[in-house]
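Please consider the sequence and the model shown below. The paragraphs that follow take up the surface, the ligand surroundings and the aromatic residues in turn.

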Amino acid sequence: MAVSSQAPVNFSVAQRALHWLTVLLIAWQFIAASGFEAAEEARDAGTEVAGWAIVFIQSHFFAGFAILAFTVLRLILRFTQGAPAAPEGEPKALQLLATITHGLIYVTLLGMPLTGIGFKYLGLDFLHFPHVGPLKGLMIVLIALHVIGALAQQFYFKTNVMARMTRGV
Ligand code: HEM
Ligand code: HEM
């Protein structure tokens with residue numbers, strides 16, 4: 001049987017599952033981060049840290065490890081299974097923008113958990129700043145750009161990119 005060197009039509013089911021699971025976990029990370037704030041306020045006020053804040057904080061660590069593992073798995077799948085080609089007719093500049101955005105999103109998907117683990121467990125205090133500052137900011141900007149791009153593809157360019165990351169074309 002000949003092995004096709006053509007790009008796949010869709011992202012594989014595993015790639016799609018990991019994409020949407022990661023979206024949920026990232027959303028949770030931002031919500032769960034409010035636990036740190038509540039714990040700090042309680043410490044300042046000399047009161048006990050609320051149970052929900054402790055759960056939020058623990059889940060932030062746990063979800064962070066999960067995101068790291070899923071991202072490594074995703075990158076392995078990306079290199080072994082590939083990804084669909086850019087939609088036909090998409091301007092070269094936008095293709096490049098999408099490629100750069102995706103690449104940098106992967107950087108932040110690795111960077112956020114690694115900096116978190118670094119300052120929390122490895123005593124690398126200098127990694128605290130990027131985690132709560134520039135890397136976090138970059139992640140927010142990239143995700144916003146990515147979502148605007150996906151919506152523009154769907155509703156303005158009317159391409160099939162949403163389908164290949166959801167139900168498949
Ligand atoms: C993709 C994974 C992660 C994301 C998106 C993420 C995101 C965030 C965000 C948004 C904050 C709040 C920053 C602020 O104050 O504005 C935060 C704080 C924090 N994160 Fe993460 N995080 C991730 C993984 C981790 C991991 C794996 C750990 C540790 C094992 C960790 C430890 C912490 C700690 C200790 C804080 C509190 C820092 C402080 O308030 O001084 N994070 N994180
Ligand atoms: C936390 C939020 C998100 C993250 C971290 C994320 C991450 C990524 C990454 C890294 C890729 C590139 C896949 C690859 O080529 O290897 C991708 C593709 C994609 N994402 Fe997201 N994404 C997020 C949210 C969303 C949302 C909300 C939508 C829909 C509105 C979406 C729709 C898509 C689509 C359609 C593709 C395929 C693009 C293509 O085929 O060129 N993503 N996403």
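Predicted model: local features only at pLDDT ≥ 70, side-chain atom pairs only at ≥ 80, totals over all residues.

**Surface, ligand and aromatic residues**

Phe65, Tyr121, Leu122, Leu124 and Phe126 together make a nonpolar surface patch of about 530 Å². Leucine 122, one of the patch residues, is found in the loop between helix H4 (92–121) and helix H5 (128–132). With a relative accessible area of 57%, leucine 122 is exposed, because the cut-off for that class is over 50%.

The surroundings of ligand 2 come next. There are 18 residues around ligand 2, and those that come nearest are His19, Arg78, Tyr106, His146 and Arg164. Which atoms are involved in the polar contacts of this ligand? For histidine 19, an N or O atom of the side chain is 2.8 Å from a nitrogen atom of ligand 2. Tyrosine 106 places a polar side-chain atom 2.6 Å from an oxygen atom of the ligand. Arginine 164 likewise has a polar side-chain atom 2.8 Å from an oxygen atom of ligand 2.

The discussion now returns to the aromatic residues. The structure holds six aromatic pairs. One of them is formed by tryptophan 52 and phenylalanine 56, whose rings are 5.1 Å apart from centre to centre, with 80 degrees between the planes, in an edge-to-face arrangement. Both residues lie in helix H3 (residues 51–81), and because they are four residues apart there, about one helical turn separates them. The two partners fall into separate accessibility classes: tryptophan 52 has a relative accessible area of 44% and is partly exposed, whereas phenylalanine 56, at 19%, is buried. The value for phenylalanine 56 places this residue in the buried class because the cut-off is under 20%.

A further pair consists of tyrosine 156 and phenylalanine 157. Their ring centres are 5.0 Å apart and their planes stand at 85 degrees, so this pair is edge-to-face; the angle that defines such a pair is over 60 degrees. Are the two partners buried or exposed? Tyrosine 156 is exposed, with a relative accessible area of 66%, while phenylalanine 157 counts as partly exposed at 34% relative accessibility.

Conventions. Residues numbered from 1 in each chain as written. Chains lettered and ligands numbered in written order. Heavy atoms only, no water. Patch = residues over 30% accessible without salt bridge, like charges linked within 9 Å, V, L, I, M, F, W, Y side chains within 5 Å. Areas by Shrake-Rupley, 256 points an atom, 1.4 Å probe, with all protein chains shown as cover. Salt bridge = Lys/Arg side-chain N within 4 Å of Asp/Glu carboxyl O. Helix = DSSP H or I, 4+ residues; strand = E, 2+ residues; numbered from the N terminus. Buried < 20%, exposed > 50% of the residue type's maximum accessible area, 1.4 Å probe, protein only. Near = heavy atom within 4 Å. Polar contact = N/O pair within 3.5 Å; in protein donor to acceptor, adjacent residues only side chain to side chain. Phe/Tyr/Trp six-rings, centres within 6.5 Å; stacked < 30°, edge-to-face > 60°.
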